[in-house]
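Good morning, and thank you for coming. Please look at the sequence and the model on the screen while I speak.

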Amino acid sequence: FFENDGKLGFEGDMGMRMHGKATRSYSQKSFKLYARKDYGMKDLEYEIIPNNLKQGDDITPVTSYDRIIVRNGGNDNEYTKSRDVFVQSITADRSYSTQAYRPIIVFINGEYWGVYNIREDQNDDFIQTHYDIPKEDVVVIKVGKLEEGNEEGIKFYEDLLAFANDNDLS
């Protein structure tokens, strides 16, 4: 990874996997980079997204990642590639999580792949890093399926949905 001034920011072996749903059909693909001990580094220890501060802290920079998303712009891929990052940035002062980002230019094996954005992956590591909640206490459910955590978490989620359905929350 090279910084804007051409200096080497970091280097290391990481895993790589395709990322996205419908956007996989675009010629420019999104992907995730995984830091794992088996690949050579347990975590990516680098301030890869400048000014990415812990949620609600405004002082402590995030300097450790186990996964990062190299995003093609999502559904805005064929246009500005910036609508999602724009919306995330203008709502970053609200009391909910947003994904920090950094625009980059990607080369793979020396071949130009285009303009991308580095994004945080919102997973159990994200929750632990930003909110100091241990990973083992985090449950991430995406589209009704358990992504991170244990099966017990699904029961809590279903109980919450049942409560919301059975009570007038207005």
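I begin with a definition: helices (H or I, at least four residues) and strands (E, at least two) are DSSP runs, numbered from the N terminus. The model is predicted, so local features need pLDDT of at least 70 and side-chain atom pairs count only at pLDDT 80 or more, while totals for chains, interfaces and linings use all residues. Residues are numbered from 1 along each chain as its sequence is written, and side-chain values use heavy atoms, with hydrogens and water left out.

Let us turn to the cavities. On a 1 Å grid over the protein atoms alone, a cavity is a set of points where a 1.4 Å probe fits but cannot get out, and lining residues have an atom within 4 Å of a point. Grid points are joined across faces, edges and corners, and a volume is the space filled by probe spheres set on the points. The count comes to 2 cavities of 30 Å³ or more.

The largest cavity holds about 80 Å³ of space. Which element gives the most to its lining? That is α2, with 3 residues. Among the lining residues are Asp-66, Arg-67, Glu-120 and Asp-121. By class, this lining has 3 nonpolar, 3 polar and 5 charged residues. Here Ala, Val, Leu, Ile, Met, Phe, Trp, Tyr, Cys and Pro count as nonpolar, Asp, Glu, Lys and Arg as charged, and the others, Gly among them, as polar.

The second largest cavity has a volume of about 40 Å³. To its lining α1 (83-90) gives the most, with 3 residues. The lining divides into 1 nonpolar, 3 polar and 6 charged residues.

A salt bridge is a side-chain nitrogen of Lys or Arg within 4 Å of a carboxyl oxygen of Asp or Glu. A search of the whole structure finds 14 of them.

Asp-121 forms one with Lys-32, where the closest N and O atoms are 3.1 Å apart. Asp-121 lies in the loop between β7 (111-120) and α2 (124-131), and Lys-32 in strand β2 (residues 30-34), so this pair ties together parts that are 89 residues apart in sequence. Asp-121 forms another with Arg-67, at 3.7 Å between the closest N and O atoms. Arg-67 belongs to strand β5 (residues 67-71), so here the parts tied together are 54 residues apart in sequence.

Are these residues buried or exposed? Buried means under 20% relative accessible area, exposed over 50%, and partly exposed in between (1.4 Å probe, protein chains only). Both Asp-121 and Lys-32 are buried, and Arg-67 is buried as well. A network of salt bridges links Lys-32, Asp-66, Arg-67, Asp-121, Asp-124 and Glu-148.

Asp-159 is partly exposed, at 37% relative accessible area, and Lys-155 is partly exposed, at 47%.

Finally, consider β5. Because 4 of its 5 residues are buried, β5 is largely enclosed by the rest of the structure. Two strands pair if DSSP finds at least two bridges between them. There are 4 bridges joining β2 to β5, and these strands run antiparallel. Likewise, 4 bridges join β5 to β7, also antiparallel. Within these pairings, Tyr-34 has Arg-67 as its bridge partner, and Ile-68 stands opposite Glu-120.

Note on methods: 1 Å grid on protein atoms, 1.4 Å probe; cavity = no way out; pocket = protein on both sides within 12 Å on 5 of 7 lines; lining within 4 Å.
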